[in-house]
Amino acid sequence: QWLLTMYSSHFPFDIVTRVWDCFLVEGWKVAYRVMLALLEGCSAELLKLRFEDILGYLKDLPHRVKPDELLEATFKIPLRKKHLTKYAKQWEKMQKDKEKKIEKDKKKLAKEREKEEKEKEKEKEKLKEKEKLK
């Protein structure tokens with residue numbers, strides 16, 4: 001949600017205005033840099049937490065961030081447009097592979113169901129033949 005709202009939904013106004021100012025100058029890569037800087041800054045603490053406690057930690061994080069330190073860390077992250085393009089292509093490939101796997105699994109499941117139906121029909125026919133013989 002932080003990215004979707006460009007940090008305006010949870011972060012203090014002074015941080016939001018500075019992030020938006022940078023966003024208007026540099027574009028989306030600033031939004032990603034901020035996210036990476038936030039995660040990098042708290043990664044040691046996050047790694048110590050239990051999974052159940054991480055969400056609470058992240059909800060409180062916006063009010064513990066110091067704007068100057070955040071922006072300094074943000075611009076130390078070497079994120080270029082070519083990086084974003086590379087990761088976007090990797091994401092698209094992963095999504096296509098996932099879709100292919102889903103389609104493959106659907107076809108496999110359909111074949112298995114078809115096979116089960118045929119076996120049921122055979123069983124019904126055998127029962128009918130047995131009843132005729134009686």
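Biologist: How does Trp20 count: buried, partly exposed or exposed?
Modeller: Bear in mind that this is a predicted model. Trp20 has 33% relative accessibility, so it counts as partly exposed. The range for that class runs between 20% and 50%.

Biologist: OK, and Phe23, buried or exposed?
Modeller: Phe23 counts as buried because its relative accessibility is 15%, and the cut-off for buried is under 20%.

Biologist: Where do Trp20 and Phe23 lie?
Modeller: Both are in helix H1, three residues apart, which is about one turn of the helix.

Biologist: How many aromatic pairs are there in the whole structure?
Modeller: The search turns up four. Trp20 with Phe23 makes an edge-to-face pair, because the ring planes are at 75 degrees, with the centres 5.6 Å apart. For edge-to-face, the planes have to be over 60 degrees apart.

Biologist: What about Trp28 and Tyr32, where are they?
Modeller: Those two belong to helix H2, four residues apart, again about one turn of the helix. Trp28 is partly exposed at 45% relative accessibility. Tyr32 is partly exposed too, with a relative accessible area of 35%.

Biologist: And what kind of pair are the rings of Trp28 and Tyr32?
Modeller: A tilted one: their planes are at 40 degrees, so they get that label, and the ring centres are 6.4 Å apart.

Biologist: Which residues form the aromatic cluster?
Modeller: Trp20, Phe23, Trp28 and Tyr32 form one cluster together.

Biologist: Switching topic. What's the volume of the largest pocket?
Modeller: About 250 Å³. It has 13 lining residues, and the closest to its centre are Gly41, Leu61, Arg64, Val65 and Glu69.

Biologist: Which helices supply at least two residues of that lining?
Modeller: Helix H2, residues 28-48, and helix H4, residues 67-74, each do. H2 gives the largest share, with five residues.

Biologist: How far apart are Ala73 and Ala37?
Modeller: They're 36 residues apart in sequence, and 5.6 Å apart in space from C-alpha to C-alpha.

Biologist: What about Leu39 and Leu61, how far apart in sequence and in space?
Modeller: In sequence it's 22 residues, and C-alpha to C-alpha it's 10.0 Å. Leu39 lies in helix H2 and is partly exposed, with a relative accessible area of 35%.

Biologist: Last one. Which helix is Thr85 in?
Modeller: Thr85 lies in helix H5, which takes in residues 81-133. Thr85 is partly exposed, with a relative accessible area of 36%.

Biologist: And how far is Thr85 from Arg18?
Modeller: The two are 67 residues apart in sequence and 25 Å apart in space, C-alpha to C-alpha.

Notes
Residues are numbered from 1 along each chain as its sequence is written. This is a predicted model: local features need pLDDT of at least 70, side-chain atom pairs count only at pLDDT 80 or more; totals for chains, interfaces and linings use all residues. Side-chain values use heavy atoms; hydrogens and water are left out. On a 1 Å grid over the protein atoms alone, a cavity is a set of points where a 1.4 Å probe fits but cannot get out, and a pocket is an open set with protein on both sides within 12 Å along at least five of seven lines; lining residues have an atom within 4 Å of a point. Grid points are joined across faces, edges and corners, and a volume is the space filled by probe spheres set on the points. Rings of Phe, Tyr and Trp (its six-membered ring) pair if their centres lie within 6.5 Å; planes under 30 degrees apart count as stacked, over 60 as edge-to-face and the rest as tilted. Buried means under 20% relative accessible area, exposed over 50%, partly exposed in between (1.4 Å probe, protein chains only).
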